[in-house]
Amino acid sequence: MKLTGDKIFKISATIIATSALAILLITGYTLAVGSVPVIQKFGLNFFFGQQWNPIEGKEVFNILPYVLGTLATSGIALLIGVPLSLGIAVFLVEMAPKSLSVPISYLVELLSAVPSVIYGLWGLFIFQFWMRDYIQIPLTKYLGWIPLFSSSQSSLNIFTAGAILAIMIIPTIASISKEVISAVPNSIREGAYSIGATKWEVIHRWVLSYGRSGIFGAIILGLGRAVGETMAVAMLIGNAIGPVAMPISLFQPGQTMASLIANGFLDTTRGSLASSTYIGVGLTLLFISLIINVGAHVVMTRVFKVKGGAVE
Amino acid sequence: MMTTSSIAKEENISQLKPLQQETICPTAKMQAINVDAWFGQKQILKTVSLTVKPNTVTAIIGPSGCGKSTFLRCFNRMHELVPNSKMTGKILLDGKNIYDRQMDPVQIRRRVGMVFQKPNPFPTMNIYDNVAAGLRLTGAKKDTNLDDIVKRSLEQATLWDEVKDDLKKPGTSISGGQQQRLCIARAIALQPEVILMDEPCSALDPIATAKIEKLVIELKQDYAVVIVTHNMQQASRVSDYTAFMYLGELVEFDETSKIFENPKNKLTEKYITGEFG
Amino acid sequence: MINSYGFRKFKNRFFFIICAMCVVIAVVPLASILFEVVTRGAPQLSLTFLTATASRGGIGPAIQGTLILIGLTSLIGVPLGVLSGIYLSEFGNNKYAQSVRAINNILTQFPSIIVGITAYGIIVITLRSFSAIAGVVALAFIMIPIITRTTEESLKLIPNSIREASLALGAHKWRTTLSVVLPSAKSGLATGVLLAVARIAGETAPLILTIAGSRYFFQGLNKQMAALPLEIWKNSLQSSPTLQAQGWGAALVLILVVLSINIAVRLVSRSRMKT
């Protein structure tokens with residue numbers, strides 16, 4: 001076979017394009033190998049136990065509190081962030097005049113450009129006190145007898161971390177929902193208006209219902225971002241460790257998988273069981289994040305193949 | 001064949017227009033008085049006036065771009081939904097200006113129904129819900145006679161026999177002609193007083209078109225119908241009155257037979273004889 | 001239940017206000033972040049602050065480290081990303097390319113901390129030390145998928161007629177791609193590269209596990225290194241107000257870099273769309 005310039009070009013481009021696959025495989029392999037020691041040692045308890053003891057000779061590393069902590073903060077983020085994002089998307093597409101919607105969507109996108117560590121810094125010095133004064137103190141005062149709202153003294157807690165995540169996932173969910181809503185055919189809106197629907201009824205009963213699978217995809221992508229977000233959460237969640245990190249109350253310090261790695265990794269010795277533990281946490285996070293992102297990818301490709309027009 | 005622009009140069013249409021209507025016609029169901037409309041800077045309608053009598057079919061014809069669809073959409077305040085649109089003048093419904101401050105477009109649209117150029121049944125709803133959607137907005141529930149109204153509307157739209165076993169199927173699952181009749185049923189369900197139709201057959205095949213035309217004639221027993229069409233045969237088949245529009249102006253408006261057999265205006269004559277369009 | 005007209009109108013108003021408030025709630029944090037970073041960071045700025053080491057109250061090593069990271073990562077990430085993008089755009093009509101595209105899309109959404117662990121696993125453990133090169137590898141893993149995607153998207157915008165015109169002149173496909181298609185897409189490519197640079201400049205989590213921070217200027221690719229985001233993180237956890245203030249100063253420098261890239265890109269691409 002003769003190698004022409006075109007063939008070399010195609011072959012080299014193909015090989016290099018494999019880098020995406022390579023990154024994924026290297027990541028999976030490295031994490032799997034690295035977490036073998038800790039999983040061998042604790043078995044299923046690694047995932048389902050709550051204990052944590054770094055003292056040499058008595059080491060126990062179980063990660064259930066951090067898996068649950070990740071679910072709790074992401075859940076809070078979605079509960080707060082999804083309605084806000086949808087409100088923004090609806091406002092930008094259906095309500096605001098173009099002269100207003102262009103600069104606003106630009107501002108919302110800027111939210112996603114701010115580095116996570118700066119959210120963390122702002123959270124440490126400003127946002128946590130907003131949360132404490134306007135949410136934590138009133139809620140615990142009146143509803144403190146419910147375990148969910150019982151309070152520790154600190155405003156570095158699961159709720160603060162979830163709230164900052166909510167802000168951080170707004171650009172993701174809002175911008176995709178915006179495109180989904182813009183892609184709803186105008187003939188549907190006209191039909192609804194023609195039978196005497198108010199603007200809100202058109203949005204609520206027709207537009208959002210038509211775009212629901214796309215919006216669902218946007219929410220899953222937002223969830224993916226919330227699950228993997230590290231720095232801001234690590235700085236604001238209160239860095240609890242062991243059984244006390246089990247998320248029982250909104251206003252107690254907690255820990256997510258990602259924040260655990262960021263907060264604890266530097267203190268471990270290379271090759272120790274502890275360092276294998278962090279890699280095992282990473283592997284678990286990889287798994288969860290893969291499931292979420294593959295799900296989002298499947299939903300989004302289906303939505304935009306069926307309805308035409310490209311997002312993402 | 002002459003081009004439209006040369007026609008426009010040859011005839012000064014403003015001079016040939018009938019006198020502008022200022023007086024209110026007491027027998028009219030709807031009456032447009034000196035309607036101007038714009039998209040941004042572009043003027044689409046220039047002082048158009050028209051009377052719609054009850055229990056008649058009024059056709060609006062004219063070459064594409066003459067503003068006939070825009071004019072129609074002024075009758076149920078759909079025009080104002082387009083960004084940067086503007087409209088002046090009056091449109092009366094039973095003698096009351098629908099553009100008055102205290103009139104609400106949402107309620108106007110329930111009294112003046114609309115059928116669009118492309119059938120647009122709601123894709124997320126089944127056939128039954130498509131018809132019931134308008135009634136549900138005001139809180140109608142199963143226990144009211146919703147079933148009866150849906151049935152009656154579908155019957156009146158001559159669709160009942162074809163879909164009575166498939167009421168739970170999506171509104172978009174039926175053929176184009178059936179979809180358009182579903183949209184008519186959807187408008188009828190609200191028991192409007194006027195039905196506006198914006199080239200309702202332009203996306204349909206001849207058989208489906210014939211069914212809709214037959215339906216339009218039946219509908220005038222209960223409603224006043226205004227139909228925009230670029231098909232002159234259709235206008236002559238279904239309508240009692242015909243308005244001819246050109247470049248945003250109403251050139252001639254009269255009984256359909258007079259327009260087609262004995263047009264007063266040269267431009268109208270040229271259009272209906274197919275010299276341009 | 002009758003849904004009275006007054007109630008429907010009230011709901012209409014109500015949700016308009018709610019949606020507008022959602023916008024306000026989202027913009028307030030942005031405004032507050034910018035305000036605080038500027039007002040707390042600006043007093044720090046001085047030549048010493050920007051160039052000196054920590055012992056003299058500066059963030060010079062962090063700025064240097066971030067510039068080194070950006071430079072070296074781009075050296076690896078840009079060519080690999082652009083070539084992958086070329087593959088997906090110009091040869092991407094097959095099953096294999098589709099799966100590469102899907103994996104690439106998923107990688108762009110990946111938690112960056114995982115990439116940090118990977119770089120730790122393959123470089124830090126092998127070299128037995130935190131090192132600048134591990135940071136470069138981690139950031140390259142983040143950058144490559146982003147550039148691949150933006151490259152593919154901007155190449156796909158180039159009309160086929162341009163490719164055909166060149167092929168019709170007898171040019172080979174590789175020539176056509178490199179000297180006709182790529183140059184026509186250069187502003188799209190530049191946009192993608194800049195946004196990727198802005199993204200990796202702010203990445204913090206992977207750096208904790210790779211370069212690990214340093215008090216000194218660059219000492220070698222196999223040594224620990226400082227970087228702006230790490231500096232912000234470490235200073236924010238200090239109790240000393242002086243160090244905290246230095247953290248805000250570093251945050252101002254970082255946000256100026258990141259946001260000015262974003263704003264510039266947006267302005268350029270908007271004026272491009274207008275013409």
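## Strand pairing in chain B

Two strands count as paired if DSSP finds at least two bridges between them. In this predicted model, strand β3 (residues 57–61) of chain B and strand β9 (residues 241–246) of chain B meet that condition, pairing in the parallel sense over 4 bridges. One of the residues involved is Ala59(B), whose bridge partner in β9(B) is Thr242(B).

## The sheet of chain B

β3 and β9 belong to an open sheet of 6 strands in chain B, with the order β6-β7-β8-β3-β9-β10. The pairing within this sheet is mixed. The edges are held by β6 (112–115) and β10 (249–255) of chain B; each has a single partner strand, so one side of each is left without a neighbour in the sheet. On average, neighbouring strands of the sheet are turned by 15° against each other, direction ignored.

Helices lie across several of these strands. Helix α8 (residues 176–188) of chain B lies across β6 and β7 (194–198) of chain B, and runs at about 170° to β6(B). Helix α9 (residues 206–219) of chain B lies across β3, β7 and β8 (224–228) of chain B, and its direction is about 145° to that of β8(B).

## Two packed helices in chain A

In chain A, helix α5 (residues 98–113) packs with helix α7 (residues 158–182) at an angle of about 135°, and the two axes are 8 Å apart. That angle makes α5(A) oblique to α7(A). The crossing of α5(A) and α7(A) is left-handed.

On the α5(A) side, the residues that meet α7(A) are Ser105(A), Val108(A), Glu109(A), Leu111(A) and Ser112(A). Their counterparts in α7(A) are Ile167(A), Ile170(A), Pro171(A), Thr172(A), Ala174(A), Ser175(A) and Lys178(A). By class, the residues of this contact between α5(A) and α7(A) are 6 nonpolar, 4 polar and 2 charged.

## A covered helix in chain A

Helix α12 (residues 257–264) of chain A is mostly covered, with 8 of its 8 residues buried. The buried residues of α12(A) are Met257(A), Ala258(A), Ser259(A), Leu260(A), Ile261(A), Ala262(A), Asn263(A) and Gly264(A).

## Contact between chains C and A

Chain C has 72 residues in contact with 67 residues of chain A. Helix α1 (residues 5–41) of chain C gives the largest share of the side of chain C that touches chain A, with 20 residues. That side of chain C is made up of 49 nonpolar, 16 polar and 7 charged residues.

Terms used
Residues are numbered from 1 along each chain as its sequence is written. Chains are lettered from A and ligands numbered from 1 in the order in which they are written. This is a predicted model: local features need pLDDT of at least 70, side-chain atom pairs count only at pLDDT 80 or more; totals for chains, interfaces and linings use all residues. Axes are lines fitted to C-alpha atoms, for helices over the stretch in contact, and angles run from 0 to 180 degrees between N-to-C directions. Angles under 35 degrees count as roughly parallel, over 145 as roughly antiparallel, 65 to 115 as roughly perpendicular and the rest as oblique. A crossing is left-handed if the near helix is turned anticlockwise from the far one by less than a right angle, and right-handed if clockwise. Two residues are in contact if their C-beta atoms, placed from the backbone, lie within 7 Å. Ala, Val, Leu, Ile, Met, Phe, Trp, Tyr, Cys and Pro count as nonpolar, Asp, Glu, Lys and Arg as charged, and the others, Gly among them, as polar. A residue is buried if 20 or more other C-beta atoms lie within 10 Å of its own, exposed if 12 or fewer, and partly exposed in between; C-beta atoms are placed from the backbone.
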